[in-house]
Amino acid sequence: MPGVTPKQSDTYFCMSMRLPVDEEAFVIDFKPRASMDTVHHMLLFGCNMPSSTGSYWFCDEGTCTDKANILYAWARNAPPTRLPKGVGFRVGGETGSKYFVLQVHYGDISAFRDNHKDCSGVSLHLTRLPQPLIAGMYLMMSVDTVIPPGEKVVNSDISCHYKMYPMHVFAYRVHTHHLGKVVSGYRVRNGQWTLIGRQSPQLPQAFYPVEHPVDVSFGDILAARCVFTGEGRTEATHIGGTSSDEMCNLYIMYYMEAKHAVSFMTCTQNVAADMFRTIPPEANIPIPVKSDMMMMHAHHKETENKDNTALLQQPKREEEEVLDQGDFYSLLSKLLGEREDVVHVHKYNPTEKAESESDLVAEIVNVVQKKDLGRPDAREGAEREERGNAILVRDRIHKFHRLESTLRPAESKVLSLQQPLPGEGTWEPEHSGDFHIEEALDWPGVYLLPGQVSGVALDPHNNLVIFHRGDHVWDGNSFDSEFVYQQRGLGPIEEDTILVVDPNNAAVLQSSGKNLFYLPHGLSVDKDGNYWVTDVALHQVFKLDPNSKEGPLLILGRSMQPGSDQNHFCQPTDVAVDPATGAVYVSDGYCNSRIVQFSPSGKFITQWGEESSGRNPQPGQFSVPHSLALVPHVGQLCVADRENGRIQCFKTDTKEFVREIKHASFGRNVFAISYVPGLLFAVNGKPYFGDQQPLQGFVMNFSSGEIMDVFKPVRKHFDMPHDIVASEDGTVYIGDAHSNTVWKFTLTEKMEHRSVKKAGIEVQEVKGKGSGGLNLGNFFASRKGYSRKGFDRLSTEGSDQEKEEDDGSESEEEYSAPLPAPAPSTS
């Protein structure tokens with residue numbers, strides 16, 4: 001905003017800016033520049049012609065003369081984030097928007113009693129580099145909900161049939177005003193409800209990443225429920241644009257393939273009302289919100305309103321005492337007029353930063369274009385007034401930027417690293433700033449689509465080797481209770497099960513393994529290029545020469561005979577071969593809990609390990625030893641103890657237990673591991689019901705065991721990531737046994753930034769990426785009489801004129817009866 005002073009509560013101001021480029025570009029980042037102390041919410045639209053050409057105008061005149069697409073929305077001090085790599089909002093060119101229009105809703109104007117001028121806005125980063133995946137917004141919004149006064153629970157339901165090309169949901173945001181308790185969104189397919197997101201609207205209204213990426217296809221139903229309470233109101237509450245009204249909004253952020261992309265879709269109906277009788281019970285359970293997480297107005301007095309008799313009377317709170325100026329957080333509070341605890345919790349607190357900013361997609365929301373929102377009497381006081389003391393203003397800004405550079409962690413940390421949980425150690429300083437793994441979006445191998453991918457490895461030429469199951473599938477009918485394979489009548493897989501793939505263009509260079517295997521599982525390649533594979537149906541281990549058609553060089557185990565002695569395996573999972581001694585290690589497996597060592601010629605040497613029981617497995621106990629990684633320079637063999645959710649490492653000479661690597665972020669499963677000098681890579685498994693840990697890959701410092709980075713794909717999503725292999729240059733491949741997909745990940749390059757400010761526009765260029773950015777607002781530093789008050793606080797959609805109320809009401813804790821622990825998943 002170009003220095004505005006609203007004179008009336010619930011004032012809506014708009015401003016516009018033409019794109020700085022004519023050709024097609026992509027918005028890849030949003031950063032809010034506002035505070036809920038002054039701004040209720042912001043909306044950013046894209047359109048071809050704004051409703052006014054003035055520097056700003058009352059939004060009751062409209063936002064755009066043509067169709068407007070919502071690109072971004074902000075409320076309740078939600079944190080800024082970046083869209084996933086390869087995803088962007090398309091603007092410019094022949095079909096994209098030519099203008100950005102920013103709408104700012106000033107709900108409670110008590111912060112403007114000093115008549116300071118507001119410059120709230122949002123920073124955008126643009127790139128000319130075409131993005132393979134186009135982002136869009138699906139807005140689910142109730143338009144007819146009525147909340148009776150005093151009613152304890154009121155449900156507002158929304159549902160629509162989806163009739164477009166597939167979209168892939170990766171983030172969501174909820175929005176209500178003060179009466180909202182919980183908002184939940186689902187995809188309903190064949191009567192099955194799949195959660196998109198569920199959140200309290202009283203928390204910072206950020207875009208939160210979906211726990212498990214959800215694809216939505218033609219014929220699915222999208223459904224949402226908002227739960228309200230009318231307690232404390234003396235009049236009915238309706239859907240509307242003022243803070244005494246309510247809203248029921250669910251914003252679904254998605255991406256689509258570029259050729260089918262649709263940028264904005266809405267749903268305002270309830271076409272399947274009867275369906276909500278089977279909505280999961282969680283949708284009706286309020287989410288407890290701690291008082292220190294609620295972003296209310298601690299300083300503001302109750303704003304006078306003709307409808308204030310319908311509102312709960314809010315107790316006033318005294319301003320919190322600001323600590324000594326030597327404390328950075330308190331000094332920021334003094335400079336910016338912010339609450340000390342808000343700065344701590346929601347801006348720079350390093351223990352909260354990963355959860356509040358990492359992987360949350362930028363606040364992109366809100367309602368349709370605002371019509372008839374302004375009041376005539378508000379215009380009379382809208383003329384801008386010059387105020388003195390520009391030197392003081394500039395001095396405060398200078399102090400803020402000096403502190404900001406000291407306090408704010410590097411951008412690369414926000415996007416690529418997560419803080420370890422308490423008790424899990426600290427970051428390795430030598431890796432904390434520039435090490436990040438991201439999907440190689442230009443690699444076409446993700447579309448190979450072989451059978452169930454059970455194993456991946458690299459040969460001596462650094463080619464990718466894939467082991468897959470062709471048309472065979474491991475399911476509940478594959479084995480009996482004695483682990484004997486029950487589908488032998490299908491015969492062996494009739495296609496080549498081993499593919500050698502070019503690491504650059506994913507061309508298949510060589511294939512083999514036809515008519516040999518029934519249910520492929522583990523794969524490794526020794527220093528001579530020989531393949532070592534396991535088959536869980538055959539209960540055998542094979543050594544294969546990739547250039548020979550004479551059959552296996554070595555076979556361990558008895559065909560179709562499960563067992564636990566020196567000559568039998570029971571569903572063996574993986575093989576590791578010591579490059580120095582040629583010793584062969586086999587993890588055995590699903591129905592044995594041991595590691596077996598053989599000589600290079602296949603002679604049994606020794607075994608160790610036993611089945612674990614209870615919740616605290618001891619060293620050397622296993623529950624599905626699933627993957628092996630040799631660490632030759634220290635003489636260790638590490639084992640992915642899958643169902644115990646940990647990694648165990650042992651000395652290869654004495655078999656002595658060395659250490660356990662276990663992190664809460666692993667969840668309950670560790671499926672696979674891979675080692676390159678200094679680094680240990682891993683991938684976890686699907687979370688159990690109620691667990692929060694997402695499916696993702698991990699990069700760990702081998703010496704300390706601490707997590708340096710986490711990563712996940714952009715194209716498609718992990719379903720059962722089954723094996724992982726890494727090369728010394730940081731390239732990582734992951735094969736998925738359920739989605740039949742192989743992804744390639746690479747180290748990302750570091751980026752340098754420069755910026756140029758001109759008349760309220762900050763254009764930011766990212767070197768080497770063809771990127772640029774705009775800043776709507778943030779130009780007051782050189783303008784006389786402009787205050788920075790509230791500008792640098794993290795922002796969202798929210799003042800709602802809501803005051804901090806006495807937390808005397810009963811809190812309802814969420815409770816879910818524990819489900820039976822599922823059996824270890826097959827494959």
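**Reading aromatic pairs, a buried charge and disulfides**

Q: Are W193 and F276 buried or exposed?
A: A residue is called buried under 20% relative accessible area, exposed over 50%, and partly exposed in between, with a 1.4 Å probe and protein chains only. Here W193 and F276 are both buried. The model is predicted, so local features require pLDDT of at least 70 and side-chain atom pairs pLDDT 80 or more, whereas totals for chains, interfaces and linings use all residues. Residues are numbered from 1 along each chain as its sequence is written, and side-chain values use heavy atoms, without hydrogens or water.

Q: How many aromatic pairs are counted?
A: Rings of Phe, Tyr and Trp (its six-membered ring) pair if their centres lie within 6.5 Å; planes under 30 degrees apart are stacked, over 60 edge-to-face, and the rest tilted. The count comes to 26 aromatic pairs. One of them joins W193 and F276, edge-to-face, at 5.8 Å centre to centre and 70° between the planes. W193 belongs to strand β15 (residues 192-199) and F276 to the loop between β20 (264-267) and α1 (328-336), so the pair ties together parts 83 residues apart in sequence. These elements are DSSP runs numbered from the N terminus: helices (H or I) of at least four residues and strands (E) of at least two.

Q: Where does E282 lie, and which residues does E282 contact?
A: Contact means heavy atoms within 4.5 Å. E282 is placed in the loop between β20 and α1. Neighbours within four places in sequence aside, E282 contacts Y186, L195 and R198. A salt bridge requires a side-chain nitrogen of Lys or Arg within 4 Å of a carboxyl oxygen of Asp or Glu. Lys and Arg count as positive, Asp and Glu as negative; His and the chain ends are not counted. E282 is buried but has no salt bridge, and R198, the nearest side chain of opposite charge, is 5.0 Å away.

Q: How many disulfides does a search of the whole structure find?
A: A disulfide is a covalent bond between the sulfur atoms of two cysteines, identified here by a sulfur pair within 2.5 Å. The search finds 6 disulfides. Among them, C160 and C267 have sulfur atoms 2.1 Å apart, and their link is right-handed, with 90° about the S-S bond. This pair links distant parts of the chain, C160 in strand β12 (residues 154-161) and C267 in strand β20, 107 residues apart.

Q: What is the handedness of the disulfide of C570 and C591?
A: The torsion about their S-S bond is about -100°, so the disulfide of C570 and C591 is left-handed.
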